[in-house]
Amino acid sequence: MTKTNTGNFFEDFKIGQVLVHATPRTLTEGDKALYQALFGSRFSLQSSDEVARAAGYKQSPIDDLLSFHVVFGKTVPDISLNAVANLGYADCRFHKPVFPGDTLSTISKVIGLKENSDGATGVVYVRSTGRNQRDEIVLDYVRWVMVRKRDKGSPAPVADVPALPAAVDANSLFAPANTHFKTFDVAASGSAHLWDDYAPGEKIDHVDGVTIEEAEHMMATRLYQNTAKVHFNQFTEGQGRFGRRLIYGGHVISLARALSFNGLANAQLVAGINGGRHVAPCFAGDTVFAWSEILGKMPLEGRADLGALRIRTIATKNLPCAEFPSALEKGYADGVILDLDYWVLMPRR
Amino acid sequence: MTKTNTGNFFEDFKIGQVLVHATPRTLTEGDKALYQALFGSRFSLQSSDEVARAAGYKQSPIDDLLSFHVVFGKTVPDISLNAVANLGYADCRFHKPVFPGDTLSTISKVIGLKENSDGATGVVYVRSTGRNQRDEIVLDYVRWVMVRKRDKGSPAPVADVPALPAAVDANSLFAPANTHFKTFDVAASGSAHLWDDYAPGEKIDHVDGVTIEEAEHMMATRLYQNTAKVHFNQFTEGQGRFGRRLIYGGHVISLARALSFNGLANAQLVAGINGGRHVAPCFAGDTVFAWSEILGKMPLEGRADLGALRIRTIATKNLPCAEFPSALEKGYADGVILDLDYWVLMPRR
Amino acid sequence: MTKTNTGNFFEDFKIGQVLVHATPRTLTEGDKALYQALFGSRFSLQSSDEVARAAGYKQSPIDDLLSFHVVFGKTVPDISLNAVANLGYADCRFHKPVFPGDTLSTISKVIGLKENSDGATGVVYVRSTGRNQRDEIVLDYVRWVMVRKRDKGSPAPVADVPALPAAVDANSLFAPANTHFKTFDVAASGSAHLWDDYAPGEKIDHVDGVTIEEAEHMMATRLYQNTAKVHFNQFTEGQGRFGRRLIYGGHVISLARALSFNGLANAQLVAGINGGRHVAPCFAGDTVFAWSEILGKMPLEGRADLGALRIRTIATKNLPCAEFPSALEKGYADGVILDLDYWVLMPRR
C-alpha cells in the first residue's frame with residue numbers, strides 16, 4: 001500500500017461523511033507580515049494594534065481572508081487533489097476573530113453529490129468548518145468542486161444537491177463580541193466614508209492595478225499549506241492546458257480585497273461570503289484591477305456602531321475598471337476573472 | 001463625490017497645512033524577518049536580541065531604514081500620488097529606537113511651495129514626522145517632491161522655499177538612551193574596525209552585488225504600505241515612460257545599506273540622513289553595487305562609547321564600484337543610481 | 001589595510017584553528033512564517049503550537065533545517081568566500097530544539113587540510129557547531145570545501161584528512177528531552193504510517209514537483225545571512241560558468257524535505273545528516289522532484305515512543321521520480337541534483 005496521498009476520487013465521497021483534515025496551523029505575527037507584503041492591505045484594524053485596542057480587541061486580528069485561505073488549504077489534500085475545477089463557494093460566515101497565536105484546524109462534511117452526465121466526473125459539495133484551539137468555530141463555508149472518478153464504470157450515487165442560500169442572511173452575521181466602533185478613528189483608517197454613506201447600486205472603481213509574480217502567488221499559497229499541484233509545478237503545467245502555473249483563485253480574492261481599500265477603506269471586516277466565481281484563470285504577469293457595487297445594506301441587531309454592506313467585487317486582468325466590466329447576458333466581459341459577493345462590516349456614524 | 005482617493009494636487013497644498021496620514025502600522029518580528037529576507041542585512045544589533053541586550057536595549061530594535069520606509073509609506077496617498085518625481089530628502093533624524101510591537105503613524109506639515117515655470121507642476125516641501133504609540137517622535141525628515149497641478153490655469157502661490165541644512169548638525173543627533181557600547185562584541189559584529197579606525201576621505205568598495213527581482217521590490221514596498229502606482233502595475237507602466245515598473249528608491253537605499261556591511265560592519269545605527277538623490281531609475285533585473293566615502297567624524301557629547309561618522313554611499317546598477325564611480329562635474333557617471341549622505345553611529349574603542 | 005572582508009584562502013587555515021563566526025541571529029515567528037512560505041512544509045510539529053504542546057514542547061519548534069541553514073550561513077564569510085566547491089557534509093547531529101526567541105551563533109574548528117595536486121586549491125575540513133544563547137549546542141556537523149590558494153607558490157601543509165563516519169551512529173542521536181509522542185495525533189499529522197510501518201529497502205516517490213523562482217531562493221538565502229556571492233549577483237554570474245545565479249544547495253535540501261511529507265508525513269524531526277552531495281547545480285526555473293529510500297531503522301534507547309529511520313532522499317530537477325532515478329555505477333542519472341542520507345525521528349505505535 002502506497003504511503004503517498006493519492007487523494008479522494010468521486011466514488012470515495014459519501015453523503016454525511018466527515019473528513020478531519022491534517023495539519024493544524026498556528027498563525028503568528030509572521031503570517032500577518034507576509035500577508036501584508038504579498039497583498040499590501042491597508043485596513044487599519046488589521047494594520048495597527050492601537051486601532052484594534054481602541055475598538056475593544058486585545059490586539060490587531062488576523063485578516064479574515066488569511067484565516068479563510070488557511071482553513072481552505074487544509075481541505076485540498078482530501079477534497080480537491082483530483083479536482084477538475086473549483087466550482088463555487090457559498091454560505092460562508094466568519095464567526096470569531098483570529099489572533100496571532102491561534103491554531104486553526106478544519107473538518108469538512110459531505111453535504112451533496114451529483115455525478116456528471118459524462119460518467120467521468122461528479123460534483124462534491126462540502127461544508128468546511130475552521131476551528132481554533134478552543135474548538136470554537138472561526139469560519140465555515142460550503143464549496144462545490146468537480147472531482148474525477150477513479151473508475152468510469154463505477155455506479156453513480158443518488159444525486160443529492162443541497163439547497164444553498166443565494167446570500168447569507170444579514171441577521172445571521174456575527175459582529176465581533178466586546179468591540180465598539182462608535183469612536184472609530186477615520187483619520188487613521190484613511191476615509192471619512194462610513195456605512196451611512198454607501199447606497200445600494202453605488203459603483204466604485206478601485207483604480208489601482210497590481211501585477212502578480214510567480215514567486216508571490218507560490219509563497220502565499222504555501223503559506224496556507226495549500227498543496228494543489230497546478231500552482232507550483234511548471235514542469236508538468238508547461239505541458240498542460242494553459243502551458244503555465246495557475247494562480248490560486250484565493251490569491252485574486254485577496255488582491256481584489258486589498259485593492260478595494262481605495263473606495264471602501266472602512267470595510268474593516270469580512271463577515272460573510274455569499275458566493276464567488278473564478279470566471280477565468282489568472283497567471284503570473286497579469287495585472288489585476290477591481291471594482292465594486294454596493295448590493296445592499298443592513299443594520300446589525302444590537303449594534304448601533306456597525307452596519308453590514310453587501311458588496312459585489314469584480315476583479316479583472318489587464319483591464320482597468322473605469323467602465324465597470326461585468327457579467328453579460330451570457331457569460332462575462334473579456335478580462336473578468338472574479339465575481340465575488342460578500343458582506344463586510346463597516347463602522348456607522 | 002468619489003470615495004476613491006485621487007490624491008492631492010499642487011493647488012491643494014498650503015503653507016503650514018498639517019496632513020494626518022492614514023493607517024497606523026504595528027511593526028513586529030514578522031516585519032523584521034521579511035526585511036532580513038529582502039535585504040540580507042548583517043548588522044549585529046538588528047540581528048540578535050543578545051547583542052542588543054548586552055548594549056542595554058530590551059531587545060533587538062527594528063532596522064532604522066525599515067522604520068523610515070513605513071513612516072514614508074504613509075505619506076504617499078496624501079503627498080505624492082500625483083507626483084512627477086521625488087526630488088530629495090534632507091534633515092532626517094532618528095530620535096528613538098523602534099521595537100517589535102510599536103505602532104508608527106505619520107503626520108506631515110507643508111513647509112514650502114514653489115510653482116514651476118511650466119505652470120503645470122510645482123514643488124511641495126513637507127516635514128514628515130513619525131511617532132510611536134506613546135506619541136514620541138521616532139524619526140522626522142523633510143522631502144520635496146514635484147506634484148502636478150490639477151488645473152494649469154490656477155494661480156501660483158507665493159514661492160516659499162525653506163532653508164534646509166546641508167547636513168544634520170552632528171550635535172543634534174540622538175544617541176539611543178540607556179545604551180552602552182563600550183564592551184561591544186566585535187567578534188559577533190564581524191569587524192574589529194571601530195569609529196576610531198575610520199578617517200575622512202577614506203573610500204570603501206563594498207564589493208558585492210545583488211540583483212533585484214520584481215517580486216522582491218513589490219513585497220518590500222507593500223510591507224511599507226507605500227501605494228505609489230509606478231511600482232506595482234506593469235499593465236500601465238508597460239505603456240509608460242520606461243516600459244516597466246520602477247523600483248521604489250528606498251529599496252535601493254536599503255540594499256546599499258545592507259551591502260555597506262562589508263567594510264562598515266560596526267555602523268550599527270543610522271542616526272540621520274543629510275540628503276539623498278535618486279540619480280537614475282532602477283528596474284528588476286538590475287544588479288546593485290555600492291561604495292562609500294567617509295565624509296566626516298564627530299564624537300557625541302556625553303558618549304565615550306559611540307561616535308558619529310558621516311558617510312556618502314553611492315549605489316550603482318550593473319557597475320562594480322572598484323573605481324568609485326561618482327558625481328562628475330556635471331551629473332553623474334553612467335550607472336550611478338543613488339547618492340546618499342547620512343550619519344551613522346559606531347562603537348568607539 | 002582594507003576594511004572589507006576578502007575571506008580566508010587555503011593558506012590561512014591551520015589544523016586546530018578555531019573560527020568564531022560573526023552575526024548571532026535571533027530566530028522568531030517571522031522566520032518560521034517565511035520558511036513556511038518558501039518551502040510549504042506540513043510536518044505538524046513545526047506547524048502547530050497545539051501539536052507541539054501535546055508532545056511536551058513549550059511551543060512549536062523551529063524547523064531543524066532552518067536552524068541548520070542559519071548555523072551554516074554564518075560560516076560562509078570565513079570558510080567559503082573563496083571556495084570553488086562545497087564538497088560534502090558529514091556527521092551532523094541535532095542536539096536540542098530551537099524555539100522562536102533563541103539566538104544562534106556558530107564556531108568552526110579546522111579538522112583537516114589537504115592541498116590539491118594542482119597546487120592552486122586545497123580541501124579544508126571544518127567541524128561547525130551552532131549554539132544557542134545559553135551556550136548549549138543545538139547542532140554540529142563537518143563539512144569540507146575546496147578553497148583557492150592565495151598564492152600558488154606557497155608551501156603545502158602536511159596532508160591531514162580526518163576520519164569521518166559513513167553514518168552517524170543511531171545510538172548517538174538526540175531525542176528531544178521531556179517529550180512524549182506515544183499519543184501523537186495522526187489525524188493532525190496527515191498519515192497513519194508510523195515508524196513501525198517502514199521497512200529498509202522501501203522506496204517512496206514523493207510525487208509532487210515545485211518550480212523555484214529567483215526571488216524565492218535569494219530571499220531564503222538572505223534569511224540565513226548566507227553571503228555566498230554566486231546566489232545573488234546576476235551581473236557577475238551572467239559572465240560566469242553557468243551564465244546565471246546558482247541556487248544554494250541547502251535550498252534544494254529544504255525543498256526535498258518539504259516534498260518528502262507526501263509519504264513520510266510523520267518524519268517529524270531531522271536528527272542527523274550522515275552525508276550529502278550536491279550532484280548537479282540547480283537554477284531558477286527548475287522544477288524539483290524527490291524520492292526516498294528507507295536505508296535503515298533503529299529503536300532509540302529509553303524511548304518507546306520514537307524510532308529513528310535512516311533515509312536517503314534523492315532530489316531531481318525537471319525529472320519526475322516514479323522510476324527512482326539514482327546513482328549509476330559511475331556518477332548519477334541525468335537530472336539528479338541531490339543525494340542526501342539522514343536520520344529522522346518518527347513516532348512509534
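**Figure 1. Surroundings of Gly112(B) in the predicted model.** Not counting residues up to four places away in sequence, Gly112(B) touches Ile15(B), Val123(B), Val124(B), Tyr125(B), Asp160(B) and Pro162(B), where contact means heavy atoms within 4.5 Å. Gly112(B) belongs to strand S4 (residues 103–115) of chain B; helices (H or I, at least four residues) and strands (E, at least two) are DSSP runs, numbered from the N terminus. With a relative accessible area of 0%, Gly112(B) is buried (buried means under 20% relative accessible area, exposed over 50%, partly exposed in between, with a 1.4 Å probe and protein chains only). Between the C-alpha atoms of Gly112(B) and Ala22(B), which lie 90 residues apart along the chain, the separation is 22 Å. The model is predicted, with local features needing pLDDT of at least 70 and side-chain atom pairs counting only at pLDDT 80 or more, while totals for chains, interfaces and linings use all residues. Residues are numbered from 1 along each chain as its sequence is written, chains are lettered from A and ligands numbered from 1 in the order in which they are written, and side-chain values use heavy atoms, with hydrogens and water left out.

**Figure 2. Surroundings of Val70(A).** Val70(A) is placed in helix H4 (residues 64–80) of chain A and counts as buried at 0% relative accessibility. Apart from residues up to four places away in sequence, Val70(A) touches Arg25(A), Leu27(A), Leu104(A) and Tyr224(A). Val70(A) and Tyr224(A) are 154 residues apart along the chain, and their C-alpha atoms are separated by 4.5 Å.

**Figure 3. Helix H6 of chain A against helix H1 of chain C.** The axes of H6(A) (residues 214–223) and H1(C) (residues 29–39) come within 6 Å and cross at roughly 115°. H6(A) is therefore roughly perpendicular to H1(C); angles under 35 degrees count as roughly parallel, over 145 as roughly antiparallel, 65 to 115 as roughly perpendicular and the rest as oblique. Axes are lines fitted to C-alpha atoms, for helices over the stretch in contact, and angles run from 0 to 180 degrees between N-to-C directions. On the H6(A) side, Met218(A), Met219(A), Arg222(A) and Leu223(A) meet Ala33(C), Leu34(C), Gln36(C), Ala37(C), Leu38(C) and Phe39(C) of H1(C). The residues of this contact comprise 8 nonpolar, 1 polar and 1 charged (Ala, Val, Leu, Ile, Met, Phe, Trp, Tyr, Cys and Pro count as nonpolar, Asp, Glu, Lys and Arg as charged, and the others, Gly among them, as polar).

**Figure 4. Helices H1 of chains A and C.** The axes of H1(A) (residues 29–39) and H1(C) come within 7 Å and cross at roughly 55°. H1(A) is therefore oblique to H1(C). Gly30(A), Asp31(A) and Leu34(A) in H1(A) meet Glu29(C), Gly30(C), Ala33(C), Leu34(C) and Ala37(C) in H1(C). By class, the residues of the contact of H1(A) with H1(C) are 4 nonpolar, 2 polar and 2 charged.

**Figure 5. Leu34(B) and the largest nonpolar core.** This core has 192 residues, and those with the most contacts inside it are Leu34(A), Leu34(B) and Leu34(C). A nonpolar core is a set of buried Ala, Val, Leu, Ile, Met, Phe, Trp, Tyr and Cys residues joined through side-chain atoms within 4.5 Å. Neighbours within four places in sequence aside, Leu34(B) is in contact with Ala33(A), Leu34(A), Ala37(A), Met219(B), Leu223(B), Leu34(C) and Met219(C).

Figure 6. Asn178(A), a residue other than glycine, has a positive phi near 60°. Asn178(A) lies between strand S6 (137–148) and helix H5 (186–189) of chain A and is exposed, with a relative accessible area of 68%. Asn318(B), also not a glycine, has a positive phi of about 55°. The loop holding Asn318(B) runs between strand S11 (303–317) and strand S12 (336–347) of chain B, and Asn318(B) counts as partly exposed at 31% relative accessibility.
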